[in-house]
Each structure stands twice: as C-alpha cells, then as structure tokens.
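Here is a short briefing on one protein chain. Keep the sequence and the 3D view open while you read.

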Amino acid sequence: MKLGEPGVLPNTWRGAIGKAHQRVNMVNYEKSEEILKYLKLDQDYNKHFDLIDCYPGCGVWSRALHKHLQPKVHVMLESFDNYYSWNKDGYNRDLSASKVIQVDPYKWKVYNLLERYGAYKPQHVPFDQVNKSLLYTGQFTTAQGGQLLSQFITCIAYRNWIQKFGRIRMLLWVRDTAAFRAVATHEEPSRGKLSALVSLFADIDVVAASDANDFRRQDSKTGKFLERIPALRNAPIKFSVDDTFMKGPLVLLDVKPKEQREWESEISAHEMEYVLRNLFITPKMQLRTSINTLGAGAGEYFETRLGHLYDKTTHQLTPDEFVEIFQEFKVWPYKPEHLFDLGEDDLDSRTKRDIIQFL
C-alpha cells in the first residue's frame, strides 16, 4: 500500500485505504478546521493536555485536531490494519506527539491498560469542574458505533472509563440515526434509553451534519425535527457527503458531562440503569403498565408513591420524574436481589501484549 506524503491525500487514497468496514469518515481538512474554530476548543485545551482518538480512520479530523490544539500526547486507537498503517506510516506519521496503537477501543478494559502502561496520564479532577487535562474524540460510524456511543454515555453515570478522571468532554462522530437516538427529547415518541441517559447526565449539541442526514424523516407528520430538538438550538455546520469517505450521513456531537447532583450520591448506578433498561422495554406504554417490568408486585407497591405519573408513557417522562422513580426504587423492600447477569471479560489474551508493543 503506497501511503504518500504526510498530510497529503493522494488521488489514489481511497483505493489505498479500501472500504475499511464501511466506516464513514470526515475527509475535508478545511471543513474540519471550520468546525474546530466554531467549537473554540483552544480556550480550554492548549498544549498541556492528552488527546485520546478512537478509530481515527482516514485521519483527517485527527490531523486537524492535532494541528489546531497541539496536545501534549495524542493517542490514536485503531484496530483495522489499513487505517493503522495509514495513520502511523503515512498521512499522520509527522505528528510527533502521536502514539498510534493497533488495538480495538471497543473493548472496555483497553483504557485501564493504556493508563497503567503510561500511554496517557491525565489529572484527576472533581466532578464539579470540567477536566481540561484530557479530551476524547471518536468516530463511531461502524455497525457497532451506536452501541459504543451508548457505552460512553453510560460511563458518565458510572464515573468509569475515561470519566473516572472527572468531567471529560467528548467529540463524537456518529451516523444520523445514532445522533437522533442521543438527542431525542421526551416529546419524541421514538425516544429510548440512550436519550434518557443523555438528558440525565450530559449536555449535548449537534455541531456539524452532512447534507445526507435523515433528521427530517424522523418526524413524518411535521418534518420539523431540526426546529424542536434542543441539541440543535444552534444551527449545525453543514457539509457535503462528498466531504466524507464512504459518502454517508455523518454527524458530530459535542458531549459535555453535567455537574454531579445531590441525588446521584443517593442512587446506585446499577439500580438506575436497571430501571431505565426495564422501563424502556415498553417505551410507549403507560407507567402503570411498564412499572411491572421492575419486578413482581411493582405496580401495586408504587401506585401510592408514583401514581401521579402512571398516565405517562415511559418516553414522556422528564429527567426529574426519572429521578423520582430511581429514589422510590431504591427504598423498595421487594426489589430484585440480582439486577444484572455479570458479563465475561471482553479482552482477549493479545490485548495487553499489543498495547505494550505499540507504546
């Protein structure tokens, strides 16, 4: 594979990279610069911070971000051979602060191992302030991208993964369908667990969107999705599908974790996730029905405590109303003893070796 000069996309670059598992990427450097200037990241991040870059792919967004902010360390986590070689030995090989590691960032414990072996060393900051020693970006545009987006939102609630260091800002490229799932409000009938988590734990903005996005089809009656979603209160920067590799719908989300509220110290994150997961099994049913998914006898027990919410469907519940349900579930004496089955370790035997090899 001929990789060409650093920072230059040769005429044959699409053939050099290949289809790369259908991952949509931003490949317009000038448009990337426009987006970065709009975000004004240099007011908070300037040279003395670490940048974690998940699935850099074609590397154009990664390069623009690196040149714009000049991070102390830029860790690129790329699992696919072509993309890994493209960033390490070709397009981005002149970025002296970069560490390109061939490992799958989809695996949960990768981040703990990276920290343990010194790939990045952010400061620990209290959750009442944004941690400006670490910035995270990722291109979650594969088939599993929506699930990865959900996991990173969930880690805000659990204060784990990168969020254990404090409130870490995340710039996430996703497909339009995943973006809609994240920013839908309680007024949207198709709202799900992800947007409920976002409303509870993060402020989120749609920063940029390709002209192929499917936002408008989400509301076939009014076609006014862009006008009703708070995350779109500022018109996103538009770009063409020709600015993307694979020419697909692409959206950039700016995710900022909220300050910790008093109720969070009272509620188990496992109990909160259990409640959300179960209630959203039947998102369009009234709470008087969906409450029964929490356990045997739930409907009768909670009627005197949450009966004022029983006429609402799950998707109509506001963040404050979810908190009220969490608080009542916490003191329920008959709640299930085991809320989740424990999953298996998601790391194979090679992951630790691979991380050490590339550092």
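How much accessible surface does the protein have, and what percentage of it belongs to carbon and sulfur atoms? The accessible surface comes to about 16,200 Å², and 47% of it belongs to carbon and sulfur atoms. Accessible areas come from the Shrake-Rupley method with a 1.4 Å probe; for residues, only the protein chains shown count as cover.

This is a predicted model: local features need pLDDT of at least 70, side-chain atom pairs count only at pLDDT 80 or more, and totals for chains, interfaces and linings use all residues. Residues are numbered from 1 along each chain as its sequence is written, and side-chain values use heavy atoms, with hydrogens and water left out.

**Overall make-up**

- The protein has 14 helices and ten strands. Helices (H or I, at least four residues) and strands (E, at least two) are DSSP runs, numbered from the N terminus.
- Of the 359 residues, 54% count as buried. Buried means under 20% relative accessible area, exposed means over 50%, and partly exposed lies in between (1.4 Å probe, protein chains only).
- Take the contacts between residues at least 6 apart in sequence: 78% of them join residues at least 24 apart. Contact means heavy atoms within 4.5 Å.

- Eight strands form an open sheet with mixed pairing, in the order 4-3-2-5-6-10-7-8. Two strands pair if DSSP finds at least two bridges between them.
- Strand 4 (98–101) and strand 8 (237–239) stand at the edges. Each has a single partner strand, so one side of each is left without a neighbour in the sheet.
- From one strand to the next, the twist averages 20°.
- Strand 6 (residues 170–174) and strand 10 (residues 251–257) run antiparallel and are joined by five bridges. Trp 173 has Leu 252 of strand 10 as its bridge partner.

**Strands 2 and 3**

- Strand 2 pairs with strand 3 in the parallel sense, over five bridges. Asp 50 is bridged to Val 73 in strand 3, and Cys 54 is bridged to Leu 77 in strand 3.
- Strand 2 is largely enclosed by the rest of the structure, because five of its five residues are buried. Asp 50, Ile 52 and Cys 54 point one way, Leu 51 and Asp 53 point the other way, and all are buried.
- Strand 3 is mostly covered too, with five of its five residues buried. On one side sit Val 73, Val 75 and Leu 77; on the other sit His 74 and Met 76.

**Helices on the sheet**

- Helix 3 (residues 60–69) lies across strand 2 (50–54), strand 3 (73–77), strand 4, strand 5 (134–140), strand 6 and strand 10. Helix 3 runs at about 165° to strand 5. Axes are lines fitted to C-alpha atoms, for helices over the stretch in contact, and angles run from 0 to 180 degrees between N-to-C directions.
- Helix 6 also packs on the sheet, touching strand 2, strand 5, strand 6, strand 7 (202–210) and strand 10. The direction of helix 6 makes about 155° with that of strand 5.

**Thr 154**

- Thr 154 sits in helix 6 (residues 145–158). Thr 154 is buried, at 13% relative accessible area.
- Leaving aside neighbours within four places in sequence, Thr 154 is in contact with Leu 197 and Glu 273.
- Thr 154 and Leu 197 are 43 residues apart along the chain, yet their C-alpha atoms are separated by 7.0 Å.

**Helix 7 against helix 8**

- Two packed helices are described by the angle between their axes and the distance between the axes.
- The axes of helix 7 (residues 176–183) and helix 8 (residues 193–201) come within 6 Å and cross at roughly 55°.
- Helix 7 makes the contact with Ala 178, Arg 181 and Ala 182, and helix 8 with Leu 194, Ser 195 and Val 198.
- By class, the contact has four nonpolar, one polar and one charged residues. Ala, Val, Leu, Ile, Met, Phe, Trp, Tyr, Cys and Pro count as nonpolar, Asp, Glu, Lys and Arg as charged, and the others, Gly among them, as polar.

**Positive phi**

- Most residues other than glycine have a negative phi.
- Lys 40 has a positive phi, near 55°. Lys 40 lies in the loop between helix 2 (29–39) and strand 2, and is partly exposed at 49% relative accessibility.
- Gln 70 has a positive phi near 55°. Gln 70 is placed in the loop between helix 3 and strand 3, and is partly exposed at 35% relative accessible area.
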